[in-house]
Amino acid sequence: MRHDLCAAIDIEADPELVWPHLTDLAAYADWNPFITAATGEVAPGRRLELRMEPPGGRAVTFRPHVTAVSTGSTLEWLGHLGVPGLFDGRHRFDLFPTETGTHVIQHETFTGLLVRPFRRALDRGTLAGFESMNEALRRRVLEAQPKP
């Protein structure tokens, strides 16, 4: 079974100004309503520790491995609930430059035996978490910009 979730937002700042906020895991507790605690090194092969709190759902801590990093454009990790194949999530952020700033796409592909029973919770809480994180990232980036 496979299930995809996607949430996008436009941020009025260049990707190189968005990227440091996305990758500063230690600061997530200060601004991120979805991933409320995060540690680890944003580098391929490294393990992160992420506490996710979906709206209306139960908080859970994942320890995914970073699978792709391209500074200023891509961050991806792969996590498992229990053993691989039971409930896996490949989470990805893509940053695309636009005329007015950055288009951020947050996407996750869930696979495994437990996807079907978790699908409703994913569509409600997890997707809402992506959207709230995207909006909080936008606010964080814009608030950090120098005032004219």
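Contact here means heavy atoms within 4.5 Å. Keep that in hand for the exercises below, and remember that this is a predicted model.

**Exercise 1. Work out the order of the five-stranded sheet, and say which strands stand at its edges.**

Step 1: Read off the order. The open sheet runs S1-S8-S7-S6-S5, and the pairing is antiparallel.

Step 2: Find the edges. S1 (2–11) and S5 (65–70) each have a single partner strand, so one side of each lacks a neighbour in the sheet.

Step 3: Go through the pairs.
- S1 and S8 pair antiparallel over 10 bridges, and Arg2 has Thr111 as its bridge partner in S8.
- S7 and S8 are joined by 11 bridges; Leu95 stands opposite Val104 in S8.
- S7 and S8 also make a hairpin, with two residues between them.
- S6 and S7 share seven bridges, and Thr74 has Asp94 as its bridge partner in S7.

**Exercise 2. Sort the side chains of S1 by the face they point to.**

Step 1: Recall the pattern. In a regular strand, side chains alternate between the two faces of the sheet.

Step 2: Apply it to S1. His3, Leu5, Ala7, Ile9 and Ile11 point to one face and are buried.

**Exercise 3. Which strands do H1 and H3 lie across, and at what angles do they run?**

Step 1: Take H1, residues 15–23. H1 lies across S1, S5, S6, S7 and S8, and runs at about 155° to S7.

Step 2: Take H3. H3 lies across S1, S7 and S8, and its angle to S1 is about 15°.

**Exercise 4. Now the other sheet: what is the order of its three strands, and which of them are edge strands?**

Step 1: Write the order. This open sheet goes S2-S3-S4, again with antiparallel pairing.

Step 2: Pick the edges. S2 (35–40) and S4 each have one partner strand, so one side of each is left without a neighbour in the sheet.

Step 3: Check the angle. Here neighbouring strands are turned by 10° against each other on average, direction ignored.

Step 4: Zoom in on a pair. S2 and S3 (residues 48–52) pair over five bridges, and the bridge partner of Ala38 in S3 is Leu50.

**Exercise 5. Describe the largest pocket: its volume, its lining and the residues nearest its centre.**

Step 1: Get the volume, which is about 550 Å³.

Step 2: Count the lining. There are 26 lining residues, and Pro54, Arg58, Val60, Leu122 and Thr126 lie nearest the centre.

Step 3: You get 15 nonpolar, seven polar and four charged residues.

Step 4: Trace the lining back to elements. S4 (60–62), S6 (74–80), S7 (88–98), S8 (101–111) and H3 (115–144) each supply at least two residues. H3 has the largest share, with seven residues.

**Exercise 6. Follow up on Thr126: is it buried or exposed, and what does it touch?**

Step 1: Thr126 belongs to helix H3.

Step 2: Apply the cut-off. The relative accessible area of Thr126 is 13%, so Thr126 is buried, given that buried means under 20%.

Step 3: List its contacts. Not counting residues up to four places away in sequence, Thr126 touches Leu5, Phe34, Pro54, Phe110 and Ala121.

Step 4: Tie it to the pocket. Thr126 and Pro54 are both among the residues nearest the pocket's centre, and they touch each other.

How values were computed:
Residues are numbered from 1 along each chain as its sequence is written. This is a predicted model: local features need pLDDT of at least 70, side-chain atom pairs count only at pLDDT 80 or more; totals for chains, interfaces and linings use all residues. Side-chain values use heavy atoms; hydrogens and water are left out. On a 1 Å grid over the protein atoms alone, a cavity is a set of points where a 1.4 Å probe fits but cannot get out, and a pocket is an open set with protein on both sides within 12 Å along at least five of seven lines; lining residues have an atom within 4 Å of a point. Grid points are joined across faces, edges and corners, and a volume is the space filled by probe spheres set on the points. Helices (H or I, at least four residues) and strands (E, at least two) are DSSP runs, numbered from the N terminus. Ala, Val, Leu, Ile, Met, Phe, Trp, Tyr, Cys and Pro count as nonpolar, Asp, Glu, Lys and Arg as charged, and the others, Gly among them, as polar. Two strands pair if DSSP finds at least two bridges between them. Axes are lines fitted to C-alpha atoms, for helices over the stretch in contact, and angles run from 0 to 180 degrees between N-to-C directions. Buried means under 20% relative accessible area, exposed over 50%, partly exposed in between (1.4 Å probe, protein chains only).
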